[in-house]
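Here is a short briefing on how one chain is packed. Keep the structure open while reading; the points are grouped by topic.

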Amino acid sequence: MAAVRVAPRLRSLPLLLSGPDAAAVRRSCSSCSGSLSAAAPAPVRAMSSSSSPSPYTTLVGRVSCEREIKKSKFIAIAAPVPDERAAMSFLNEASDPRATHNCWAYKLGEQFRYNDDGEPSSTAGKPIYSAIISSGIDMVMVVVIRYFGGIKLGTGGLVRAYGGVASECLKDAPTCLVKPKARVGMEVPFDLLGTVYHQLQHYQAEDIKQDYDTGKDGTVMVMFKMEYEKIENLGSAVNSACSRKIELLL
């Protein structure tokens, strides 16, 4: 198997996520190493689940839902968001300054926030967040806009109204599975480039680039993006095909 380690010169390369996740973005691959003779497969210490982001389900695009409850109109608008900045941008875009309340919640991996926007505490934002949790959807924000119709709903009514319209919005929304990706590099001897590229194509590496100035003499630094779950298998395949240890640098 291939040795997977964090290289100091590549440490600043960002994790490239398909729909990044503020929590996932904060994760980084654990440093690990191993050593055996070049003729033998190089050891790999498997990346732990806490260090490599797991696949997640998110929305394909923006969806909305409208309900009228005791003359108040509730409009839920949901969208996939890769990070907190995108979530706040979506909030500004979706909110209606003419509405009585613009309540919201988002979930970005382990990071979440919700806001009642003037409704009684925990009667709006928290039910919206609970609806997100129940849906199993991640990297998502839901904004629920309320136009007051003159009849008060009470705390229980508000919880049911905000949570209900958020749940309805997400219930049948089109979703997709996102597999987080990392930027990976390896120093490849010139005579093994063809062999390595064959493996990169087999494991569906993306955005492959070469840097002839970074590597050691007689080598080229090959950089690419790949799904986390494929990195170890790629490393093993490369070392087997090349009959030598070639480290993957995260």
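In this predicted model, helix α5 passes helix α6 in a right-handed crossing. The two helices, residues 193-202 and 228-242, pack at an angle of about 150°, and their axes are 10 Å apart. The cut-off for roughly antiparallel is over 145 degrees, so α5 and α6 are roughly antiparallel to each other.

**The α5/α6 contact**

- From α5, the contact takes in Thr 195, Val 196, Gln 199 and Leu 200.
- From α6, the partners are Leu 234, Ala 237, Val 238, Ala 241 and Cys 242.
- Sorted by class, the α5 contact with α6 holds seven nonpolar residues, two polar ones and no charged ones.
- An α-helix has 3.6 residues a turn, so residues three or four places apart point the same way.

**The α3/α4 contact**

- Helix α3 packs on α4 at an angle of about 35°, and the axes lie 8 Å apart.
- The crossing of α3 and α4 is right-handed.
- On the α3 side, the contact residues are Pro 127, Ile 128, Ala 131, Ile 132 and Ser 135.
- On the α4 side, they are Val 159, Tyr 162, Gly 163, Ala 166, Ser 167 and Leu 170.
- Eight residues of the α3 contact with α4 are nonpolar, three are polar and none is charged.

**Helix α3 and its surroundings**

- Which residues of α3 are buried? Within residues 125-135, they are Gly 125, Pro 127, Ile 128, Tyr 129, Ala 131 and Ile 132.
- After α3 comes Gly 136, with a positive phi near 80°.

- Ala 124 sits in the loop between β6 and α3.
- Is Ala 124 buried or exposed? Ala 124 is buried, and its relative accessible area is 0%.
- Outside the four places on either side in sequence, Ala 124 contacts Cys 103, Asp 116, Glu 119 and Tyr 162.
- Tyr 162 is 38 residues away from Ala 124 in sequence, yet the C-alpha to C-alpha distance is 5.5 Å.
- Tyr 162 is also one of the α4 residues that meet α3.

- Asp 138 is found in the loop between α3 and β7.
- Its relative accessible area is 10%, and the cut-off for buried is under 20%, so Asp 138 is buried.

**Gly 218, in the loop between β10 and β11**

- The loop holding Gly 218 runs between β10 (206-211) and β11 (219-227).
- Gly 218 is partly exposed, at a relative accessible area of 39%.
- Not counting residues up to four places away, Gly 218 touches Val 188, Pro 189 and Phe 190.
- Asp 191 is 27 residues from Gly 218 along the chain, and their C-alpha atoms are separated by 8.8 Å.

- Most residues other than glycine have a negative phi.
- Lys 71 has a positive phi, near 70°.
- Lys 71 lies in the loop between β3 (63-69) and β4 (72-80).
- With 59% relative accessibility, Lys 71 counts as exposed.
- Ser 243 has a positive phi too, near 55°.
- The loop with Ser 243 lies between α6 and β12 (248-249).
- Ser 243 counts as exposed, at 55% relative accessibility.

**The chain overall**

- The secondary structure comes to six helices and twelve strands.
- What share of the 250 residues is buried? Buried residues make up 50% of the chain.
- Among contacts with a separation of 6 or more, 72% join residues 24 or more positions apart.
- The chain has an accessible surface of about 12200 Å².
- Carbon and sulfur atoms account for 48% of that surface.

Key. Residues numbered from 1 in each chain as written. Predicted model: local features only at pLDDT ≥ 70, side-chain atom pairs only at ≥ 80, totals over all residues. Heavy atoms only, no water. Buried < 20%, exposed > 50% of the residue type's maximum accessible area, 1.4 Å probe, protein only. Helix = DSSP H or I, 4+ residues; strand = E, 2+ residues; numbered from the N terminus. Axes fitted to C-alpha atoms, helices over the stretch in contact; angles between N-to-C directions. Parallel < 35°, antiparallel > 145°, perpendicular 65-115°, else oblique. Left-handed = near helix turned anticlockwise from the far one by under 90°. Contact = heavy atoms within 4.5 Å. Nonpolar A, V, L, I, M, F, W, Y, C, P; charged D, E, K, R; others polar. Areas by Shrake-Rupley, 256 points an atom, 1.4 Å probe, with all protein chains shown as cover.
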